[in-house]
Each structure stands twice: as C-alpha cells, then as structure tokens.
Amino acid sequence: GYVVPRDYAHAEQLDIINKNNKWKDSVILELGQIDDYKTFIDLGKGGIPPKGSKKISVHLIFDIKHDGRHKARLVADGHRTDIPLVSVYSGVVSLRGLRIVTFLAELNELKLWATDIGNAYLEAYTLEKVHITAGPEFGDRKGHTLVISKALYGLRSSGLRWHEKLAIILKKLKFLPCKTEPDIWMRKNHDVYEYIAVYVDDLAICARDPKSIT
C-alpha cells in the first residue's frame, strides 16, 4: 500500500523515506498545469494586492490513482470568504435524464461517449477578489503575493463560473438546454436530435460524431 501525505511537508518526508520524488513530481506537475492556465497574477515578494482583495490560503490534497500514479491537487480555502447570497453550484443531470439520453442514443443509432474535462474550473475566470501568499510548494515564488484570477477549486463560486463557461461553449456549438432538464443540452442535426448530459465536468455525449464535439 501507500501512505498518502497529509500536507506538503509530509509529502517531502515521504519522498525522503521512499528514496524517490514521486510526491514532489506530482506537485510540480499540478503547479505546472496551474501556471499553464494563468491561474495566478504574480505581484512579487511583498506585492500589494488590489484594493478590496481578501487574503486566503491554499493547500494541496494528495491521492493515489488506481494505476499507482501519485496525484496532487491545489485547492483554495474558500471557507475563508463570505458566504454568497445566491446559489453558486454547477448543475448536474438527474439519473432519470441520463437514462433517457442513453435510451435515445440506442433508439436513433447514435454513438454514446463519456468524457471528463481536465482542470475544468480553470477554464473560467473568478469574480471573487482573493489573493494568497505563496508557500514553500511554490518554489522560487515562496513569499510572493499571488492574486487568484481563475476559478480555482475550493473557491465558493468556482462551480457556477465553470457552469457559465460551459454554457457559452455549448451555445456556440448550437446546443440549447432542455426546458425540463436544463443539464441536458440538445441540438437538431438533420432528422435527429443530439444530446449532451452534463454532470459538472463529466459529459455523456449522444451524437452522430462525438469526436467532433470533444
């Protein structure tokens, strides 16, 4: 079995004990992807955050995948921000709705694909005004003031921001939400309808050519 780290310091200790860099490499991979999405605006060491920005913190969550891969995920401590007055959750398709989509795929001889969108939340910008002071896991950026610009996992409104972003993309592809099941999106393709059932960042695509959609 594996010992899963409690935090970054524990991950460093485990790498020393196990005489490898598996947890360190997982952190480097995660922060590399975070940077690829331009998640942070780096104001440098001692940088002054924008007016009205609230200082929060982030932490790493560690896990072992089914194939033995070591995984790290950077998560914002969104509980430190004010509770929103409106719903901020991303919608999910019902089990009944998913069964109907599956039935329609079979009935109309359409292909049915299941897929998930990697780092989905980071595709969207956050409207929350928050910043952090980088910790040791950020390497050379330790102590830098980093403003969070993307909908980082853990922020209260990230689910809603992602849902809005996905809706924009689906509408560009000519899909519209079903009136009775808004997390099933549909469009007419000649003599049949095609469907996408959405469960946050997991999609069930019922279409003639799912590959062209993905």
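In the predicted model, Lys19 is located in the loop that connects α1 and α2. The phi angle of Lys19 is near 55°, a positive value in a residue that is not glycine. Most residues other than glycine have a negative phi. With a relative accessibility of 78%, Lys19 counts as exposed, because the threshold for that class is over 50%.

On the α1 side, the contact is made by Tyr8, Ala11, Leu14 and Asp15, and on the α2 side by Lys22, Trp23, Lys24 and Val27. Classified by residue type, this contact of α1 with α2 comprises five nonpolar residues, three charged residues and no polar ones.

The protein as a whole contains five helices and eleven strands. Its C-alpha trace spans about 60 × 45 × 25 Å along the principal axes. Of the 214 residues in the protein, 45% are buried. Among contacts between residues at least 6 apart in sequence, 65% join residues at least 24 apart.

In soluble globular proteins, nonpolar side chains tend to be buried together. In this model, the largest nonpolar core consists of 25 residues. The residues with the most contacts inside this core are Phe40, Leu74, Ile132, Phe138, Ile148 and Leu152. Two or more residues are contributed to the core by each of the helices α1 and α2 and by each of the strands β3 (58–64), β4 (70–76), β6 (130–133) and β7 (144–148). When residues up to four places away in sequence are not counted, Phe138 touches Leu31, Phe40, Val58, Leu74, Ile132 and Leu146.

Arg187 belongs to strand β9, which covers residues 184–189. Its relative accessibility is 18%, so Arg187 counts as buried, the limit for that class being under 20%. A polar atom of the Arg187 side chain lies 2.8 Å from the backbone oxygen of Leu173. Apart from neighbours within four places in sequence, the residues in contact with Arg187 are Leu173, Lys174, Phe175, Val192, Tyr193, Glu194 and Ile213.

Although Lys174 is not a glycine, its phi is positive, at about 75°. Lys174 has a relative accessible area of 66% and is therefore exposed, whereas Arg187 counts as buried.

Helix α3 comprises residues 95–107 and includes Leu95. Leu95 is exposed, its relative accessible area being 55%. Leu95 and Pro177 are separated by 82 residues in sequence, and their C-alpha atoms are 17 Å apart in space.

Terms used:
Residues are numbered from 1 along each chain as its sequence is written. This is a predicted model: local features need pLDDT of at least 70, side-chain atom pairs count only at pLDDT 80 or more; totals for chains, interfaces and linings use all residues. Side-chain values use heavy atoms; hydrogens and water are left out. Contact means heavy atoms within 4.5 Å. Helices (H or I, at least four residues) and strands (E, at least two) are DSSP runs, numbered from the N terminus. Ala, Val, Leu, Ile, Met, Phe, Trp, Tyr, Cys and Pro count as nonpolar, Asp, Glu, Lys and Arg as charged, and the others, Gly among them, as polar. A nonpolar core is a set of buried Ala, Val, Leu, Ile, Met, Phe, Trp, Tyr and Cys residues joined through side-chain atoms within 4.5 Å. Buried means under 20% relative accessible area, exposed over 50%, partly exposed in between (1.4 Å probe, protein chains only). A polar contact is a pair of N or O atoms within 3.5 Å; within protein, one must be able to donate a hydrogen and the other to accept it, and residues adjacent in sequence count only if both atoms are side-chain atoms.
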